[in-house]
Amino acid sequence: MVLNILLQVMLLIFGFALLVKGADFFVDGVSDIAAHFGIPQMIIGLTIVAFGTSAPEAAISITAALGGSGGVAVGNVVGSNIMNVWLILGISAVVSPMIVKKNTVRIEIPFTIIVSGVFVVLGLLNSRLYIASGIILWVFMLIFLGYLLASAKKEMKQQKFPDTKIPEGKNSETEKQPFQLISTIIISVLGGASVIVGANLAVNGATNLAKICNISEDIIGLTIVAFGTSLPELVTSVTASRKGKNDIAIGNIVGSNIFNLLFVVGTAALISPVSFDRGFLFDSIVMVAAVTTLFLLTVKRNKLSRGGGALMLLLYASYFGYLVYEVATK
């Protein structure tokens, strides 16, 4: 018993260590890659970082759909999206106030609200998400990817790069650039992989500890598993915020929520009908409210202040208290 507890504690500590260091390498790496190619950091945050940190949700939901348990995808995604906005962006904003770009406030956040609403409506129509629903979600996903591509091209054209002449005798430095870029990409990939592996180790260690201590599986699911699948987003966004890379922090969360709803649930629905239990209605409304809160807090000043972050943390604490109450009274 004692040895098992020590083993799980070591697993938990090692997992968190991988998370923290992996996030450092990942954020620095993708920032350098973005700068090298002149790609806006917001685009990197909305795509590579968001898709990478959503890997746990994708793995759990799609695996569940393949096993005929598509309903797991809904609970996993809805819970994760609420946590992403209220908890993770709340913590990130408290760590450092976040400047939000106009396009994010006017287009990307409203788009997240719209697809969240579409998801709820599709689920309520038949209490299930069938292939048709999966196709609709994927159409929105392709629209979003098309928008990102157009935005990236537009911003890259607007950027002005000064003409610089390479002094004689500096050719060797130019020759090293491709190798430096390759090493940066490798470090980014390893950092991202460390974030995901670290999250899995931390979740497994914490779950096993909870079981050893006879904590109920419902509480484990509501807390450890839900928090664990959002750990990559949490550590990556807080790390990016601490480093002053707000575009990556916010892009990570907005992109992750869109990816969860459109790719993860959409793909799960294409594989197997996804049950949308009426019990998910309240949580789904809270999910829409969470993104709406983010919009209302940033629409005037294009900034998420520490006060706004504290408010979102308070809202998440209230929602979490409701979940615990629901479990306790069942």
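I took patches as residues with over 30% relative accessible area and no salt bridge, joining like charges within 9 Å and nonpolar side chains (Val, Leu, Ile, Met, Phe, Trp, Tyr) within 5 Å. A salt bridge is a side-chain nitrogen of Lys or Arg within 4 Å of a carboxyl oxygen of Asp or Glu.

The model is predicted: local features need pLDDT of at least 70, side-chain atom pairs count only at pLDDT 80 or more, and totals for chains, interfaces and linings use all residues. Residues are numbered from 1 along each chain as its sequence is written, and side-chain values use heavy atoms, without hydrogens and water.

**Positive patch.** I looked up charge on the surface. K300, R301, K303 and R306 gather there in a patch of positive charge. I placed K303 in strand β4, residues 303–304 (strands are DSSP E runs of at least two residues, helices H or I runs of at least four). K303 counts as partly exposed because its relative accessibility is 36% (buried is under 20%, exposed over 50%, partly exposed in between; 1.4 Å probe, protein chains only).

**Nonpolar patch.** I found I131, I135, V139, I143 and L270 together on the surface, with about 430 Å² of accessible area. Helix α6, residues 131–158, gives the largest share, 4 residues. I135 lies in α6 and, at 47% relative accessibility, is partly exposed. An α-helix has 3.6 residues a turn, so residues three or four places apart point the same way.

**Helix α9.** I checked residues 231–242 next. Of the 12 residues of α9, 11 are buried, so the rest of the structure largely encloses this helix. Among the buried ones are L231, P232 and E233. G244 follows α9 and has a positive phi, near 80°.

Technical notes. Areas by Shrake-Rupley, 256 points an atom, 1.4 Å probe, with all protein chains shown as cover. Lys, Arg positive; Asp, Glu negative; His and termini not counted. Charge placed at Lys NZ, Arg CZ, Asp CG, Glu CD.
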